[in-house]
Amino acid sequence: MIKIRKSWFEILNDEFNKEYFKKLQSFLKNEYKSYEIYPSEDKIFNSLNHVPLDKIKVVIIGQDPYHEPGQAQGLSFSVPENVDIPPSLVNIMQEIENDLNIKCEKNGNLERWANQGVLLLNTVLTVRKGQANSHKEKGWEILTKKIIEIIGKREKPVVFMLWGSYAQKYSDLIAPQHLILKAPHPSPLSAYRGFFGCKHFSKCNDFLIKNGETPIDWK
């Protein structure tokens, strides 16, 4: 079940040997056997497999994977190509277009961001079909909190995009050299309360350039 990049495996090996993670593995083994679980087992750690720790430029924190068939691919907010773009991602793309005055690809597969150093990390990495938050408080949050803490202590500056109160509770783990960008969640329920107009994508790229990094192509 731990199909993960070697460098991340070494960083997180202590966590994988802890009791909570062994219980989580046992729970997942039964879940994958008994129910339809997303994403597929080989994509659970997709976000980490795309970006090694030293290559992370931006972290976007989500909650748990999409729970409808064909959507989840182990990257927060992302769906495979040719799948309808979910409402929150539609709003993210709208803000990018307004902020940067560009046209986004009409394609919800955000691997194009991940390949540039954007860590698209859900705090819960699996979900039961049709049941949002069904794998909440089973152990994932302990592991992902540790991952955020590790990145938050990194000396090289990173941009953290924290959308909504759920993501913003992780801000205490992030050291002052990093840029924390906070806004309401991009979901249709809250996007008009301040996500639209937050200009996070231009602020992010300005910060990366200032710190000697190549900006992200957000198209």
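Student: Why is asparagine 82 called exposed?

Tutor: Its relative accessible area is 79%, and exposed means over 50%, with buried under 20% and partly exposed in between (1.4 Å probe, protein chains only). The value of 79% is over 50%, so asparagine 82 is exposed. A word on the source: this is a predicted model, where local features need pLDDT of at least 70, side-chain atom pairs count only at pLDDT 80 or more, and totals for chains, interfaces and linings use all residues. Residues are numbered from 1 along each chain as its sequence is written, and side-chain values use heavy atoms, with hydrogens and water left out.

Student: What makes the phi of asparagine 82 worth a look?

Tutor: Phi is near 70 degrees there, a positive value in a residue other than glycine. Most residues other than glycine have a negative phi. Asparagine 82 sits in the loop between strand 2 and helix 4; helices (H or I, at least four residues) and strands (E, at least two) are DSSP runs, numbered from the N terminus.

Student: And what makes glutamate 137 exposed?

Tutor: Its relative accessible area is 66%, so by the cut-off of over 50% glutamate 137 is exposed. Its phi is near 60 degrees, again positive in a residue other than glycine, and its place is the loop between strand 4 (127–128) and helix 6 (140–153).

Student: How do you know that the peptide bond from tyrosine 38 to proline 39 is cis?

Tutor: Omega is near -10 degrees for that bond. Most peptide bonds are trans. Proline 39 is in the loop between strand 1 (37–38) and helix 3 (46–50).

Student: Why is strand 5 said to pair with strand 6?

Tutor: Two strands pair if DSSP finds at least two bridges between them. Strand 5 and strand 6 (residues 179–183) have five bridges, in the parallel sense, so they pair. Tryptophan 163 stands opposite alanine 183 in strand 6. Strand 2 and strand 5 also pair in the parallel sense, over three bridges, with methionine 161 as the bridge partner of isoleucine 60.

Student: What makes strand 5 mostly covered?

Tutor: Five of its five residues, 159–163, are buried. Val159, Met161 and Trp163 point one way, while Phe160 and Leu162 point the other way. In a regular strand the side chains alternate between the two faces of the sheet.

Student: How do the residues lining the largest pocket divide by kind?

Tutor: They divide into 12 nonpolar, 12 polar and one charged. Here Ala, Val, Leu, Ile, Met, Phe, Trp, Tyr, Cys and Pro count as nonpolar, Asp, Glu, Lys and Arg as charged, and the others, Gly among them, as polar. A pocket is an open set of points on a 1 Å grid over the protein atoms alone, where a 1.4 Å probe fits, with protein on both sides within 12 Å along at least five of seven lines; lining residues have an atom within 4 Å of a point.
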